[in-house]
Each structure stands twice: as C-alpha cells, then as structure tokens.
Amino acid sequence: MGISAPRVKAALVEVLTALLETPNGDLVVTYGLPGQRQPAEIVAVLGQRTQIERPTVGTSRSREDIVATEIRVSVYLPGDESIQKTVTERAWTIVDSIAQHFRSRPNETLSGACRDAWVSSADAAEDVVRDQDVVEGCVCEIAVTVTSLARY
C-alpha cells in the first residue's frame with residue numbers, strides 16, 4: 001500500500017467537502033491554497049508531515065505510517081472590531097464539526113485511506129483587515145492538525 005499521505009489528503013478533501021461545503025458557495029474546501037475565489041469561509045487542506053516508525057519483526061516488516069495533515073480554517077466578515085467574537089466562534093464551530101466527524105465509526109478511517117484519524121491540535125489567530133487606518137473586517141484562522149495512522 002505504501003505511504004498513506006497522498007490518500008489521506010485526497011480523502012480529507014472529499015470528506016470535508018461533503019461535510020462542510022454549502023450549496024451557495026459561502027464555504028469552500030480546497031486541496032492546497034485557495035485560488036482567486038475567496039469566499040468568506042475557507043477550509044484548505046494543506047501540507048503534511050509523515051513519520052514512519054521502525055519496521056516490525058517478521059517477514060513482512062510492516063511499518064506504522066503517522067501522517068499529520070494541516071487544515072487551515074479561515075473565516076472573514078466585514079465590519080468593525082465588534083464582530084471579532086462572531087467570526088472566531090464561527091471558525092471554532094467549523095473546527096468542532098471536523099473533530100466530531102471523526103468520533104463516529106467508520107469516519108475515522110477516511111473512507112479506507114487510513115486505520116485511524118482524529119483532530120490532534122488546533123491553534124487560532126485573530127486579526128483585523130484594514131484599509132489604511134479604517135477597520136474593514138475581522139478574520140479568524142485556525143490551523144488544525146489531523147493525525148492519521150496506517151500500517152503498510
């Protein structure tokens with residue numbers, strides 16, 4: 001089967017698209033960085049780090065493939081500083097939807113791309129968007145790590 005990173009990333013995009021994307025396009029899931037289209041809510045499946053554990057004893061010498069995939073959840077709303085709370089809470093709601101998805105069987109296998117997957121960390125950052133000295137909107141970006149395990 002080999003290293004699972006490419007399968008995990010493709011499966012994450014597929015699963016998150018079905019789970020989160022809205023018919024009107026207010027939220028979009030992207031494989032990699034988003035292009036010119038910049039809706040208010042973006043879930044981008046980005047880079048990966050892979051750790052391969054020492055082979056097991058035996059004839060097949062199988063290995064444990066541990067993949068950490070970064071997902072960036074970004075929410076933007078126009079307005080002044082008073083909307084930051086709304087923006088941040090919406091971003092965390094999206095992250096919670098992702099985390100909750102993996103808690104139900106068989107969702108943790110990412111459609112067979114791995115043996116187990118879960119949200120292992122999330123780091124949030126807030127900012128305001130300015131045009132010169134005027135606040136035009138607020139943004140919250142949360143870097144989410146999904147860790148997955150596969151044996152090969």
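A quick reminder before we go on: what you see here is a predicted model.

Strand β2 covers residues 41-52 and strand β3 covers residues 64-78. The two run antiparallel, and ten bridges join them.

Now let's zoom out to the sheet. Five strands make up an open sheet with mixed pairing, and the order reads β1-β2-β3-β5-β4. At the edges sit β1 (27-31) and β4 (116-131), each of which pairs on one side only. From one strand to the next, the twist averages 20°.

On to the helices. Which strands does helix α1 touch? Helix α1, residues 5-20, packs on the sheet and touches β1, β2, β3 and β5 (134-151). The direction of α1 makes about 155° with that of β2. Helix α2, residues 84-101, packs on the sheet as well, with contacts to β1, β2, β3, β4 and β5. For α2, the direction makes about 15° with that of β5.

Last topic, the cysteines. How many disulfides does the count give? The count comes to zero. Why is that? Take Cys-138: the closest cysteine sulfur is in Cys-140, and it lies 10 Å away, so the two are too far apart for a bond. The cut-off for a disulfide is sulfur atoms within 2.5 Å. Seen from Cys-140, the closest cysteine sulfur is the one in Cys-138, again at 10 Å. And are they buried or exposed? Cys-138 has 0% relative accessibility, so it counts as buried. Cys-140 is buried too, at 0% relative accessibility.

Key:
Residues numbered from 1 in each chain as written. Predicted model: local features only at pLDDT ≥ 70, side-chain atom pairs only at ≥ 80, totals over all residues. Heavy atoms only, no water. Buried < 20%, exposed > 50% of the residue type's maximum accessible area, 1.4 Å probe, protein only. Pairing = 2+ DSSP bridges. Helix = DSSP H or I, 4+ residues; strand = E, 2+ residues; numbered from the N terminus. Axes fitted to C-alpha atoms, helices over the stretch in contact; angles between N-to-C directions. Contact = heavy atoms within 4.5 Å.
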